[in-house]
Amino acid sequence: MTLRRANNSGAAANNKEGESMGLFGKSGEKAVVHIEGMTCGHCVMRVEKGVAAMPGVKSSKVDLGKKEGTFEFDPAVVTADAIKAKINEIGYKA
Ligand SMILES: [Cu+2]
């Protein structure tokens, strides 16, 4: 109640009934995972696509330079641990 944003767009405030606040749904969670063993763009693709294929995963982004994967997922369907297990299964170390 105390957090009001200045909004001069005149958009209707239609958030009375919801706890949902995010654009990507109310049940989204994000995990940032350190990944060892990737050496090129092909490795990045393998991890990104392998994780993206998992049920419940909404987005899958891997940064080769940072050795870091950022994954958005529905915690009701999949867990960060399952995502890490998948990366290990693909052949990299998460
Ligand atoms: Cu590679």
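Okay, quick one to start: in β3, which residue is the bridge partner of glutamate 29? It's phenylalanine 73. Keep that pair on your screen while I go through the rest, and bear in mind that this is a predicted model.

So, the overall layout. We've got two helices and three strands, and from the N terminus on the elements go β-α-β-β-α. The protein has 94 residues, and 16% of them are buried. If you take the contacts with a separation of 6 or more, 58% are between residues 24 or more positions apart.

Now the sheet. The three strands make an open sheet, ordered β1-β3-β2, with antiparallel pairing. That leaves β1 and β2, residues 57-63, as the edge strands, each pairing on one side only. From one strand to the next, the twist averages 15°.

Let's look at the pairings one at a time. β1 and β3, which is residues 68-73, run antiparallel and are joined by six bridges; the glutamate 29 and phenylalanine 73 pair I opened with is a bridge pair here. On the β2 side, six bridges join β2 to β3, antiparallel again. If you want a landmark there, find lysine 61, which stands opposite threonine 70 in β3.

How many of the six residues in β1 are buried? Zero, actually: β1, residues 29-34, is hardly covered.

On to the helices. α1, residues 41-52, lies across β2 and β3, and its direction is about 165° to β2. α2 lies across β1 and β3, at about 35° to β1.

Let me stay on α2 for a bit. Its buried residues are Ile83, Lys84 and Ile87. Looking down the axis of α2, those buried residues fall within an arc of 100°, so they line one face of the helix. The buried residues of α2 pack against β1, α1 and β3.

Just past the end of α2, glycine 91 has a positive phi of about 125°. And then comes the residue I'd like you to click on, tyrosine 92, in the segment after α2.

Buried or exposed, what would you say for tyrosine 92? It counts as buried because 23 other C-beta atoms lie within 10 Å, and the cut-off for buried is 20 or more. As for what it touches, leaving out residues up to four places away in sequence, tyrosine 92 contacts Ile35, Glu36, Gly37, Met38, Cys43, Val47 and Ile87. Take valine 47 from that list: tyrosine 92 and valine 47 are 45 residues apart in sequence, yet their C-alpha atoms are 8.1 Å apart in space.

Which brings me to the core. The largest nonpolar core has 13 residues, and the ones touching the most other members are Ile35, Val47, Val51, Ile83, Ile87 and Tyr92. The elements giving two or more residues to this core are α1, β2, β3 and α2.

Key:
Residues are numbered from 1 along each chain as its sequence is written. This is a predicted model: local features need pLDDT of at least 70, side-chain atom pairs count only at pLDDT 80 or more; totals for chains, interfaces and linings use all residues. A residue is buried if 20 or more other C-beta atoms lie within 10 Å of its own, exposed if 12 or fewer, and partly exposed in between; C-beta atoms are placed from the backbone. Helices (H or I, at least four residues) and strands (E, at least two) are DSSP runs, numbered from the N terminus. Two strands pair if DSSP finds at least two bridges between them. Two residues are in contact if their C-beta atoms, placed from the backbone, lie within 7 Å. Axes are lines fitted to C-alpha atoms, for helices over the stretch in contact, and angles run from 0 to 180 degrees between N-to-C directions. A nonpolar core is a set of buried Ala, Val, Leu, Ile, Met, Phe, Trp, Tyr and Cys residues joined through C-beta atoms within 7 Å. The arc is that of the directions from the helix axis to the C-beta atoms.
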